[in-house]
Amino acid sequence: MTALAAHYTPEHQMFRESCRRFFEKEVTPFHMKWEEDGVVPRELWRKAGAQGLLGMTMPEAYGGAGADFLYSAILIEEQGRALASGPAFSLHNDIVVPYLLHYGNEEQKQKWIPKAIAGELITAIAMTEPGTGSDLQSVKTNAVMDGNHWVINGSKTFISNGQLADLVIVVAKTDPKLGAKGTSLIAVETTTPGFKRGRNLEKIGMKAQDTSELFFDNVRVPADNLLGGPGMGFIQLMQQLPQERLVIAIQAIAAIETALAHTVAYTKERQAFGKPIIDFQNTRFKLAEVKTKATVARAFVDDCIARHLKKELDVATAAMAKYWTTDLQCEVMDECLQFFGGYGYMWEYPIARLYADSRVQKIYGGTNEIMKELIGRTL
Ligand SMILES: Cc1cc2nc3c(=O)[nH]c(=O)nc-3n(C[C@H](O)[C@H](O)[C@H](O)COP(=O)(O)OP(=O)(O)OC[C@H]3O[C@@H](n4cnc5c(N)ncnc54)[C@H](O)[C@@H]3O)c2cc1C
């Protein structure tokens, strides 16, 4: 039993079953087609909203269920088990919409959060630029006050939900002289003149998820669209990023467990030299190692979720979870794929998609090298 067991209620279990049914019915049969399209349909977001899978942790006052983070973790796990890397639900639920809740004013919360919960407003966060990713202090996108509007200029890249987003939280310099202290978060509705989407980028994995360039050419938004105060962007990002990193760690452990289950099933079925592959000692030993590492990782991630439920997950521990589980994820995918032989290299096999989807986990949400920097600073 892990640290998390005490937090589970029958309602959590019902929610897990509802997520599982949703992915089986609404996602799995269509996911291959969406991988070809490079994006999931907007209609899927509305269906997810109707099913209660979006913004469930938001307060009831804005149409949410006031649910705890364990519901988010369950959704991420079920999505991982279904190999449904297309819909960026957790980015929306656990990363972007919380910025609106924590830093938006009352009018903005009333305007945007209920629609985000219904799946009618899809969100994105735009930090990374062509010239800078890890070094966020160097963003060049800038916002200048003109009357009672901010005028935004710049470009972003690798933005998840970039093609679908109706609302983008943009990291911009409001006072370039001040570096981190001159950085702010500004909400931009994508119908605003001057906002343009660039290419839907072609990736080596997560092919059904849209990842795009975004351009801002004299985009004018009301002064109030700046979330919190001017220059607060960095502090706000630092406050919210541990949850983003925990989300990635949960995705990693879900993928590891899923890959192990597929691999055990396959090696029991596939024969070579007159016996199932699992009967070779090499297979059993390798899979024993994977099972052991998965068990250790699960205990750590569950402990992080339990800490997060108590609001006790610190920056360094979240960074450890992100870096260590995603490194492990890539290692495990490689080990597991090997047991599928040539079939493991074929897109139609789940292990091939798990392998391709895993690589980015060490990169986004802050690279694993940056995670080690964060941990190192606390020593
Ligand atoms: C599929 C996908 C989805 C993404 N979604 C989003 C999104 O929704 N929103 C968003 O804003 N961004 C998103 N990103 C961008 C992602 O967060 C960045 O790619 C990431 O932060 C790294 O930035 P970079 O690509 O500029 O690499 P760089 O910062 O140029 O890093 C290159 C290499 O140098 C290393 N490095 C950099 N600094 C240091 C240091 N101080 N010490 C040691 N090594 C260092 C890095 O670890 C890396 O290995 C996404 C990326 C991908 C691929």
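Select β3 (149-160): this strand gives the most to the shell around the ligand, with three residues. Strands here are DSSP E runs of at least two residues and helices are H or I runs of at least four, numbered from the N terminus. The model is predicted, with local features needing pLDDT of at least 70 and side-chain atom pairs pLDDT 80 or more, while totals for chains, interfaces and linings use all residues. Residues are numbered from 1 along each chain as its sequence is written, and side-chain values use heavy atoms, without hydrogens and water.

Now show the whole shell: 19 residues surround the ligand, each with a heavy atom within 4 Å of it. The closest are M127, T128, S134, T367 and E369. By class, the shell has nine nonpolar, eight polar and two charged residues; Gly counts as polar, and Asp, Glu, Lys and Arg as charged.

Zoom in on the polar contacts (N or O atoms within 3.5 Å). A polar side-chain atom of S134 is 2.6 Å from a ligand oxygen atom, and one of E369 is 2.7 Å from a ligand oxygen atom. At I125, a polar backbone atom lies 2.9 Å from a ligand nitrogen atom. The protein buries 64% of the 980 Å² that the ligand exposes when taken alone (Shrake-Rupley method, 1.4 Å probe).

Finally, select E244 in helix α7 (residues 233-269). E244 is buried, at 9% relative accessible area (buried means under 20%). Beyond neighbours within four places in sequence, E244 contacts I95, M127 and G365 (heavy atoms within 4.5 Å). The C-alpha atoms of E244 and I95 are 5.9 Å apart, across 149 residues of chain.

Notes
Polar contact = N/O pair within 3.5 Å; in protein donor to acceptor, adjacent residues only side chain to side chain. Buried < 20%, exposed > 50% of the residue type's maximum accessible area, 1.4 Å probe, protein only.
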